[in-house]
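Subject: A structure to look at, with notes

Dear colleague,

I am passing on the structure that I have been reading, together with some notes on what I found in it. Please keep the view open beside this message as you go through the notes.

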Amino acid sequence: MPLHFPRRTLATAAHLLPLLLLTACAQAPAENLPAPSSGAALSQPLIEPADAPAPSFAEWRQGLRSEALAAGIDGALFDRVFAGITPDPAVIKADSSQPEFTRPVWEYLDGAVSASRIGRGRVLLAQHHAVLKRIEQQYGVEGRVLVAIWGLESNFGSNIGSHSVIRSLATLAYDGRRQGFWRGQLLAALQILQNGDIGSDRMLGSWAGAMGQTQFMPTTYNQHAVDFDGDGRRDLWGSSTDALASAAHYLQASGWQPGQPWGFEVRLPAGFDYALADPEQRRSLAEWAELGVRPLLPSGVAASARANLSLPAGHRGPAFLLLDNFRSILKYNNSTAYALAIGLLADNLLRPTEVQGSWPRGERQLGRSERVELQELLAQNGFDPGPADGIIGANTRKAIRALQLQLNWPADGYPNEALLEQLRVR
Ligand code: CA
């Protein structure tokens, strides 16, 4: 869910995402973490582990207990929940893995917006029509968007993860990277247990603590989960009604504009300046029209609405204008590929909608070590790509554009093999 930090299992959208596509590099989590699901995580500062000798798990738990009690957690509840809890080596392994290869955006979309997911989504949209209408009346978010999130987060509630959330979060807060972030999530999870929303034995989630049918991290859960079926508990595990309404509540809080699309596919004119395809280049639809950017279908959106142009696979692939609601989806999970999948899936739940531009399926993606090499070579050649972390963020995109302009290549800021080759022979 929102706060999507590392989410569900390694099988979710997040870790499938090409890190290249993380939009807001300043907010991106440390490389190769599964993409955070909800925005809250992203605003957390990175806490460096101290130099002091590491405490044992028992010592660490004692310190946590004091902090939890000071925060209002009942001591008996803490002791009951932590009885028998030990660090989970599988969680540490998942937290420290640095996959060399990520799937290209088109492969991710093939899986995320598959015919079977569209079909199942349509059936559920019809089945839950009445409650989705009530949710839309209250929060202003269309049912098809919520069903799309439901589909991607947990395959419509069928895959909510099987890790003990307390054990996973305790492991990460004790021994993971960004321990301060995880400690905050763990304390929030204890708060949820104390509220009586769920029992600790049923509090299951991803290895990284994302919970329930919409994969909310605990802090997001505390802020945005709602009891919409009226049984007195906010139950994102067993109640699809609560889960869908909570996702709507979170999107509303993230600035969702009722009745507005996420964006739409466009066609670019010959000779277009690809440097304009940058998240920082926001213009009104009227200004984009003056630049020759044409929607493939009438969008029905006011000419004053602001959008940025996105080329998720560089200038050889499809182009999209992204409106404010796309940014709201990014707060759920800060990945362009994820937000695009939600938008395209939601569109297809209404009517069949295919991406018209062709993806450069023959093009090989740079692996992590190649992206690091690219950044190192850019720096050596006087461009300023930021730290060589393998993440293609705003600074690296700018550096790539500067090199592309120097080479007289289309300046789309998109890294590829040819560009790396150019740098290698310099
Ligand atoms: Ca409920």
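**A strand and its partners**

In strand E5, Pro295 is the bridge partner of Val266, and strands here, like helices, are DSSP runs numbered from the N terminus, with at least two residues (E) for a strand and at least four (H or I) for a helix. Before going further, please note that this is a predicted model, in which local features need pLDDT of at least 70 and side-chain atom pairs count only at pLDDT 80 or more, while totals for chains, interfaces and linings use all residues. Residues are numbered from 1 along each chain as its sequence is written, and side-chain values use heavy atoms, with hydrogens and water left out.

Strand E3 covers residues 263-267, and four of its five residues are buried, where buried means under 20% relative accessible area, exposed means over 50%, and partly exposed lies in between (1.4 Å probe, protein chains only). E3 is joined by two bridges to E5 (residues 294-295), in an antiparallel arrangement, and two strands count as paired if DSSP finds at least two bridges between them. Four bridges, again antiparallel, join E3 to strand E7 (residues 319-322), and there Gly263 stands opposite Leu322.

**The chain as a whole**

The chain has 19 helices and seven strands, and 56% of its 426 residues are buried. Of the contacts (heavy atoms within 4.5 Å) with a separation of 6 or more, 72% are between residues 24 or more positions apart.

In general, nonpolar side chains tend to be buried together in soluble globular proteins. In this model the largest nonpolar core has 92 residues, and those with the most contacts inside it are Phe82, Ile135, Ile166, Leu190 and Met203; such a core is a set of buried Ala, Val, Leu, Ile, Met, Phe, Trp, Tyr and Cys residues joined through side-chain atoms within 4.5 Å. Helix H16 (residues 336-350) gives the most to this core, with 10 residues. A second, separate core of 17 residues includes Val266, Ala277, Val293 and Val301, so you meet Val266 again here, as the residue whose partner in E5 is Pro295.

Helix H15 (residues 324-332) has Asn325, Phe326, Ser328, Ile329, Leu330 and Tyr332 as its buried residues, and these pack against H9, helix H13 (240-253), E7 and H16.

**Some single residues**

Which side chain of opposite charge is nearest to Glu142? It is that of Arg144, 5.0 Å away, and Glu142 is buried yet has no salt bridge, a term that requires a side-chain nitrogen of Lys or Arg within 4 Å of a carboxyl oxygen of Asp or Glu. Glu142 sits in the loop between helix H8 (129-139) and helix H9 (143-154), and a polar atom of its side chain lies 3.3 Å from the backbone nitrogen of Gly259. Apart from neighbours within four places in sequence, Glu142 is in contact with Glu136, Trp256, Gly259 and Gln260.

The loop between H9 and strand E1 (163-164) holds Asn155, and Phe156 lies in the loop between H9 and E1 as well. Asn155 has a positive phi of about 50° although it is not a glycine, and Phe156 has a positive phi of about 60°, also without being a glycine. Asn155 counts as partly exposed because its relative accessibility is 36%, whereas Phe156 counts as buried because its relative accessible area is 11%.

Leu276 and Ser310 are 34 residues apart in sequence, while their C-alpha atoms are 8.9 Å apart in space.

Finally, Asn222 is found in helix H12 (residues 218-224) and counts as partly exposed, because its relative accessibility is 26%. Its C-alpha lies 6.9 Å from that of Ile192, although Asn222 and Ile192 are 30 residues apart in sequence. Not counting residues up to four places away in sequence, Asn222 touches Ala188, Gln191, Ile192, Asn195 and Arg234.

With best wishes

Methods:
Lys, Arg positive; Asp, Glu negative; His and termini not counted. Polar contact = N/O pair within 3.5 Å; in protein donor to acceptor, adjacent residues only side chain to side chain.
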